[in-house]
Amino acid sequence: MKRRELLAGVAGLGVVGGAGYVALEGVGLGDDGLPLQVTTLDAPGSEAGQRPVPVPGSPTVLDLFATWCVPCSAQMESLTSLHEEFGDRVAFVSVTNERFGGGLTEADVRRWWVDHDGAWTLGHDPESRLMRELQAGGLPYLAVVDADGTVTWTHRGLASEASLRERIRAVL
């Protein structure tokens with residue numbers, strides 16, 4: 001009986017260990033981490049394709065949002081203003097994790113983007129890899145990353161334009 005219990009315990013460790021590895025492998029933790037490849041959408045300031053996020057070698061403002069999120073809409077005002085101020089020295093990337101289908105299309109996201117004056121890279125991450133990597137617990141979620149790829153500041157919820165401006169200046 002003890003041999004059976006031992007084998008069951010070892011097998012259980014293999015299952016738990018294997019499940020942990022599979023779960024972590026998909027989120028880019030460990031040696032991979034950031035940047036992650038994100039699908040980009042064709043929209044004002046953005047081209048369809050793939051882009052590493054954050055942008056390697058460039059300070060980056062990363063905005064995680066959703067079209068249904070009222071504070072995310074409000075955050076776009078500050079982001080638009082700051083993009084006009086810093087867009088020549090800082091990469092701006094906004095990423096939604098919303099899944100297309102069931103009433104939401106890529107065209108809906110593009111329309112929201114235009115309605116909110118987006119003019120920088122627009123990404124789509126339906127697997128929420130960036131949210132998991134950044135341990136974002138809600139939306140909107142902002143991160144400022146320096147040119148070396150170090151996340152220097154994160155904020156959940158609506159951030160003031162002054163606060164975000166200060167954090168951007170700190171990485172220039």
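Okay, let's start on helix α5: the face turned away from its buried side carries Ala162, Glu166 and Ala170, which are exposed. Exposed here is over 50% relative accessible area, buried is under 20%, and partly exposed sits in between, with a 1.4 Å probe and protein chains only. Helices (H or I, at least four residues) and strands (E, at least two) are DSSP runs, numbered from the N terminus.

Before I go on, this is a predicted model, where local features need pLDDT of at least 70 and side-chain atom pairs count only at pLDDT 80 or more, while totals for chains, interfaces and linings use all residues. Residues are numbered from 1 along each chain as its sequence is written, and side-chain values use heavy atoms, with hydrogens and water left out.

So, back to α5, residues 161-170: Leu164, Arg165 and Ile168 are buried there. Looking down the axis, the buried residues fall within an arc of 105°, so they line one face of the helix; that arc is taken from the directions from the helix axis to the C-beta atoms. And what do the buried residues of α5 pack against? That would be β3 (60-65), α2 (70-86), β4 (91-96), β6 (141-145) and β7 (151-156). Contact means heavy atoms within 4.5 Å.

Next, the cysteines. Searching the whole structure turns up 1 disulfide, meaning a pair of cysteine sulfur atoms within 2.5 Å. The pair is cysteine 69 and cysteine 72, with sulfur atoms 2.4 Å apart. The torsion about their S-S bond is about 75°, so the disulfide is right-handed. Both cysteine 69 and cysteine 72 are buried.

Over to histidine 124, in strand β5 (residues 121-124). Its relative accessibility is 10%, so histidine 124 counts as buried. Setting aside neighbours within four places in sequence, histidine 124 has contacts including Val38, Thr39, Val95 and Phe100.

Last, confidence. pLDDT is the predictor's confidence in each residue, from 0 to 100. The protein averages 85, and 81% of the residues score at least 70. Where does pLDDT stay under 50? Over residues 1-31, for which the model has 11 contacts beyond four places in sequence. Where pLDDT is low, the predicted coordinates should not be read in detail.
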